[in-house]
Amino acid sequence: MDDQNKNLILATALSFLVILVWFVLFPPPEPTRSDPNAIVSAEGEQIVPTVSTTDAGAASTATSEATSITDAPRIAIETDRLKGSVSLQGGRIDELSLKDYRETLDEGSPIVDLLAPTGSTNPYYALYGWAPGAGLAFEQVPGPNTVWTATSNTDLSVGSPISMTWDNGAGLVFTRDIAIDENFMFTVTQNVENTGAGTVSLAPYGVLARHGEPQELKNFFILHEGVVAMADGELAEIGYSDMPDFDINPNEGARAEVTQVAEQGWIGFTDHFWMTTLIPAKGPFKSTAKYDERRDIYQTEAVLPTQTLAPGATASATTQLFAGAKEWEAIRAYEKAGVDRFIDSIDWGWFFFLTKPIFAVLHYLNVMIGNMGWAIIGLTFLIKLVLFPLAYKSNVSMAKMKSLQPEMEKIKERAGDDRQKLQQEMMAMYKKEKVNPASGCLPILIQIPIFFSLYKVIFVTLELRHAPWIGWIKDLSAPDPSSILNLFGLLSFTPPEAGSILAIISLGILPIILGVSMWMQQKLNPAPTDPTQAMIFAWMPWVFMFMLGTFASGLVVYWIANNLITFTQQYLIMRSQGVKPDVFGNIKAGFKRKAKEE
C-alpha cells in the first residue's frame, strides 16, 4: 500500500473520530415538537387534546379534575341489540357489547364486546370535545377527562336520549346530547353558549382511540383490517401495520395522515366483522388517521371547522357514530339515509363489481330459503344458469372434438414428425368441422374471478359467521369440523385444531366429497395419452381436496355443488351430441393403468 492510500485512510478515520467526539460533547438540540397530547390544525395551532396521560397509565400526572375512568359516574346504554354505558368522565362512549353476537358457538359463550374503557385489557372508545382556538386554553374547553353532569335521569335507549352539561366557569356553558337508534348508530350533538363578555373561537371534534393493535387480527391478505375512510367519494384503507410507518406530521405532533374533506365523508376502524365510524354532518372537516408510538395508541379523528362565538351566541355540531356489526342490511339502510357510500365500508375487494351483486343475490336467497347453506347452493345454480350458454357451446365443441378423435389420429400418422404439417392439417380440420379447440377454456377462465369473488364474500361478510347448514355444519364461515382421523366422531379422539400443520390431513366430510366430485368429473373423458398430463390430472382432485380442506365450509359447499352441476351438464350435452361418456369404463381403465405401472 503506498503512502497516499495510507494517508487517505488515516484522514478518514480521524475525521470520523472528530465528528463522534463533537456529537458526544455537543449533542444537537432536541427538535421542538408539538405537545404529544394534542392534535394540531393544519395551520399549526394546537386545537384538540388527545387521549390523556391517564390513559397511558401515568396516573400520577393527571390533574385533580380527572378521576379514574372506572370510578366515574356512568349512564347505562340499553337497547334490543346493544348494552353498555357512557362515562361522565370525558362523556366517553367506552362500554359497548353486541347482544346478537357471541364469541363462539359454545354454550354459554359471552356476547361480543366491541368497546372497552381504559383500565381494561384492550381499551377502545369514542370521545368528543371542543378544541380551543383564539382566546381559549385547553382547560377552558371540554376534553378527554372533563367530568360532565348528567341532566337527564334516564338510560340511553331508543327514543330516550341523554343529556349532560359542563360549565367552564369562564363564560362558556357546554351541553351534549346523545341519542341511539334501533341498530348501531349514535347521534352526538354538541352545543356551546357564550355567556361571557369576550369573543372566542373553538372547533368541535370526535375521536376514536384504540390502545394497541387488536389481538384477534386475521392478518390475511384477502381481508382489510384497520382504518377505513371515505373522503368526497374516495375510499381509503390503511392497515394497522401501516400506521406506525406514517411520517411524523409536525402539525399533529405524531405520525399521522391528514385528509381535508370538502363535502362529505367518514373515518373509523374496521375489523373482520365489527366497525366503529365517525360520520360528521355534510360539510368540510379534517379527517385524520394517527399513531401515537410513545403510547401505542391508534386513533382516527374528525375535526370540524372552527366556530367563532360573540358574547351571547351559541354554536352546535352534530356527528354520528356507527359502532356495531357490519350487517349488510343495516349499513345499506344508513347509506340510503345519507351516509355517503357507506356500503363500501365492507371490504368488497378488487372484484367489487362481482362481490357486491353476488352477495346481494346470496342475501336475498337466504331471506327466502332461511338457510345460508342452501342459499349458496341456490346461488351456484343461478351462476351456472347465467354461464350455461358458454358452457353449452364449450361442451358441444368438446363433444365434436371427441368425435373427431379418429380423424386426428390419422392426421398424426400422415404428418409423422413434421409438426408444421400436423398443425396445418389440424387447423384445416377444425375450420372445416367448425370446431374451436380453445372454447373449452373460456368457461373455466370466467369461473376463476367468480370463484375468488365468492370466496371473498364468504370470508369477509358477517352474514355467514356462525350460519348453520345441516347436521354437523354449524358455521359456514369456518372449515368442516369433522375429521377422518377420528372417523368423523366415532372415535373419542380430538382432531388437530384449525391452523396447525396436522389440520391439513385432518380432512372433513365436505373436502372428501369435493375430491370425489372432481375425480368423477374427470372420468367423463378418457385420461390424456401423454403420461405427464395423465399424472397431473390424476393428482389434481386430491391436491384440491387437501388445499380446500382448511377453507370455509361455505366455499366447499359451493365447489361441490358446482362440480355436480357441471358433471350433469357435460354428461347431458355430450349425450345430446351423440357422444356417450363411458364414466365407469374410464374409471376401470384408470385402475388397470395403475396396476400395470405397479
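Me: Which residue of β4 does A76 stand opposite?
Reply: A76 stands opposite S85 in β4. Strands here are DSSP runs of E with at least two residues, numbered from the N terminus. The model is predicted, so local features need pLDDT of at least 70 and side-chain atom pairs count only at pLDDT 80 or more, while totals for chains, interfaces and linings use all residues. Residues are numbered from 1 along each chain as its sequence is written, and side-chain values use heavy atoms, with hydrogens and water left out.

Me: How many bridges join β3 to β4, and in which sense do they run?
Reply: The two strands run antiparallel and are joined by 5 bridges. Two strands count as a pair if DSSP finds at least two bridges between them. A hairpin through 3 residues connects β3 to β4.

Me: What about β4 and β5; how many residues lie between them?
Reply: These strands form a hairpin with 4 residues between them, and G90 in the turn has a positive phi of about 85°. S87 has R92 in β5 as its bridge partner.

Me: Changing topic: how many salt bridges does the structure hold?
Reply: There are 14. A salt bridge is a side-chain nitrogen of Lys or Arg within 4 Å of a carboxyl oxygen of Asp or Glu.

Me: Which residue does D100 meet in a salt bridge?
Reply: D100 meets R81, with an N to O distance of 2.5 Å. The pair links distant parts of the chain, 19 residues apart: D100 is in strand β5 (residues 92-102), and R81 is in the loop between β3 (74-78) and β4 (82-87).

Me: Is R81 buried or exposed?
Reply: R81 counts as buried, at 15% relative accessibility, whereas D100 is partly exposed at 43% relative accessible area. Buried means under 20% relative accessible area, exposed over 50%, and partly exposed in between (1.4 Å probe, protein chains only).

Me: And what does D271 pair with?
Reply: The side chain of D271 meets that of R210 in a salt bridge (2.8 Å, N to O). D271 lies in the loop between β17 (265-270) and β18 (274-280) and R210 in strand β12 (residues 200-211), so the contact ties together parts 61 residues apart in sequence. D271 is buried at 10% relative accessible area, and R210 is buried at 9%.

Me: Which residues are linked with K290 in a network of salt bridges?
Reply: The network links K290 with E252, K286 and E301. Within it, the closest N and O atoms of K290 and E301 are 3.3 Å apart. K290 belongs to strand β19 (residues 285-292) and E301 to strand β20 (residues 297-303), distant parts of the chain that are 11 residues apart. K290 is buried at 3% relative accessible area, and E301 is buried at 0% relative accessibility.

Me: Back to strands: what is the order of the 9 strands in the open sheet?
Reply: The order is β8-β9-β10-β11-β22-β18-β17-β13-β14, with antiparallel pairing. At the edges stand β8 (149-150) and β14 (234-239); each has a single partner strand, so one side of each is left without a neighbour in the sheet.

Me: How many bridges hold for β13 and β14?
Reply: Strand β13 (residues 226-231) and β14 pair in the antiparallel sense over 6 bridges. V228 stands opposite E237 in β14.
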